Amino acid sequence: MARPPANHPLLEVRDLRVEFPTRRGTLVAVDGVSFHIDPGEVLGVVGESGAGKSLTGAAIIGLLEPPGRIAGGEIRFDGRRIDNLPYEQMRRLRGKEIGAVFQDPLTSLNPLYTIGRQLTETILTHLDVTPAEARERAIRLLQDVGIPGAERRIDHYPHQFSGGMRQRVVIALALCANPRLVIADEPTTALDVSIQAQIITLLKRLCREHGTAVMLVTHDMGVIAETADRVAVMYAGRIAEIGPVRDVIKTPKHPYTIGLMGSIPKIDRREARLAQIDGAMPRLNAIPPGCAFHPRCPKAFDRCRVERPDPIHVDRSHVACWLYDRDDVRVGAVVDE
Amino acid sequence: MIAFVIRRLIQSVLVMIVVAFVAFSLFTYVGDPISIMLGQDYTEADRARIAAELGLDRPFFVQFARFVANAVQGEFGLSYRLARPVDELIAERLPATLELSLVAAIFALVVGVPMGVYTGLNRDSWLSRVFMTVSLIGVSLPTFLIGILLIFVFAVHLGWLPSFGRGEVVHIGWWSTGLLTVSGLKALILPAITLGLFQMTLIMRLVRSEMLEVLRTDYIKFARARGLTNRAIHFGHALKNTLVPVITITGLQLGSIIAFSIITETVFQWPGMGLLFIQSVNFADIPVMAAYLCLIAFFFVVINLIVDLLYYVVDPRLRADRGVAGGHTG
């Protein structure tokens, strides 16, 4: 547990804007997103598909797929700005300081190389060790992620592992240079439900042991509730609400979060039908003016249709909603025109 | 693995028997060898005597079996045109064709693969556009035209390279090689380019599209996320994953290069099998045609077998030995 007494967060994202220039105008996929992650902290990022969660993660590790690009804002890692680094410097950071785990373990590994070779090549790229030491380290890592018979299995090819085992290998690959931040993009979505819990527990344990901070992108609230310290709820490319996980789950503030929490079925309550939020998230080329959620919001009022809310401090959370922009929060604000 | 090789060998033998059957049918259905041998005036008795001498009165399958037995020993009879054993003629011509084909194939690979990788990685650079445009010409222009153009420019106009023949050759046993003399090498350049150009552009376009495909995959994205160098990603991870289709096409193309060197050999008067074949067709020299057919089929079968074995070398999923793996997939 090495948490340096830093006076700045490990990762700081400020006003991030990700754009996709297309023939019919520019699509803004991530718009004005700001958050930070402290050393050793687990930040959950939830939201529907297309809310911009994965793109935010890709922007942080500098792997947005063209024509996607960072059009504004800044990303700081350990106080140093990284969103405008040259490719080669960013490459040295990837894998060494910031690891990544992707959604599909079946396709994340190169089918033509043994997992040992993929591990050692990553270790040798980032650490100053001999090939023999790299192999030893790789075997230790495989043992760490719970692969039985690691000494033997290291020389096996990806197709010789099951999905869950492959995701363990992917996690070993993400952690092999001891990064300080891991971006896990839906690491369990492609796995069987019975294996999902194991993988999440593993990720959580390893990161706690190494003091690694995690940005856990998922649309599974259960995973967030179990794992995250804080959670950011994204909607249509913006953060709707961000705060300590307990607050967001127990006392959600933003109507979208409230709807999201309401749609989780509860095992101890008999419900005639599953609660759901009416409507669907707007497409990127049809984001309504004002608050993007207002067409679906049961509490929307005039201001929501015109002005876009920025996150404001409510209790221990930040919420982007005009409902909370009242005199008890911001002195002198005009309420309910 | 061994079972696979045995299975493929049996298949290969079957293919060869079918080809031999077709080659043998040439004798029976294209022209009549006895009337060719006897000329215009003969009696029925002459005919019967010759047929008996040559075994042509025997049942069809007995004749076929004898043809196959001879063919296996490289025995294809006498050329009608040159009155010499066909195997001798072929052995004389084979080195020229094989050398030309191999040099053309190597040229196609050595130039085509790097160009394909380059255009795949830098798809929007001006050089890629130049390569793609040139390759379009390479794919669409007929071989004989390219050969004649090259002769016109480099042999007639500039006078740098010879326009026909093989130059001086050195004999090593029965093999004659043009690779050891300056004039032999010079003579090889134009025909090899002519013959290899189409394959080169084909390989380049194939490597390019495979590279584009592979670069989009998750494992390349993940390799980038692991911070591997571009070199390791492009040449270690991406290129190797493009190899299976490239090996397939290159292998098949090598067969075609050998088989279709006919045109190039005709344009450059290259003393190889293709030229021999063309001359034999003109004279309905059936033994030579039959032998050529069998030999080309043999090359194709051998190359296919090698290609199949190369798959095993490249792709571990094919060598999967489930018993040893101990893991469960899926």
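Among the elements that cover the buried residues of helix H9 of chain B are helix H2 (87-93), strand S6 (98-101), helix H3 (105-108) and H7 of chain A, together with helix H8 (182-215) and helix H10 (230-259) of chain B; buried here means under 20% relative accessible area, with a 1.4 Å probe and protein chains only, and helices (H or I, at least four residues) and strands (E, at least two) are DSSP runs numbered from the N terminus. This is a predicted model, in which local features need pLDDT of at least 70 and side-chain atom pairs count only at pLDDT 80 or more, while totals for chains, interfaces and linings use all residues. Residues are numbered from 1 along each chain as its sequence is written, and side-chain values use heavy atoms, with hydrogens and water left out.

Six of the eight residues of H9 (residues 218-225) of chain B are buried, so this helix is largely enclosed by the rest of the structure. The buried residues are B:Tyr219, B:Ile220, B:Phe222, B:Ala223, B:Arg224 and B:Ala225, and after the helix comes B:Gly227, whose phi is positive, near 80 degrees.

A nonpolar core is a set of buried Ala, Val, Leu, Ile, Met, Phe, Trp, Tyr and Cys residues joined through side-chain atoms within 4.5 Å. This core has 98 residues, and A:Leu11, A:Phe35, A:Ile60, A:Leu142, A:Ile171 and A:Leu181 have the most contacts inside it. Because domain 1 (11-235) and domain 2 (241-265 + 274-324) of chain A both give residues to the core, it lies between them; the domain bounds come from an automatic or database domain assignment. A second, separate core of 36 residues includes B:Leu26, B:Ala291, B:Phe299 and B:Val314.

A cavity is a set of points, on a 1 Å grid over the protein atoms alone, where a 1.4 Å probe fits but cannot get out, and its lining residues have an atom within 4 Å of a point. The largest cavity has a volume of about 100 Å³, where volume is the space filled by probe spheres set on the points. Strand S10 (residues 238-244) of chain A gives the most to its lining, with three residues, and the residues lining this cavity include A:Tyr235, A:His254 and A:Arg308. The second largest cavity holds about 70 Å³ of space and is lined by 14 residues, of which A:Cys291, A:Cys297, A:Cys304, A:Cys321 and A:Trp322 lie nearest its centre.

Notes. Chains are lettered from A and ligands numbered from 1 in the order in which they are written. Buried means under 20% relative accessible area, exposed over 50%, partly exposed in between (1.4 Å probe, protein chains only). On a 1 Å grid over the protein atoms alone, a cavity is a set of points where a 1.4 Å probe fits but cannot get out, and a pocket is an open set with protein on both sides within 12 Å along at least five of seven lines; lining residues have an atom within 4 Å of a point. Contact means heavy atoms within 4.5 Å.
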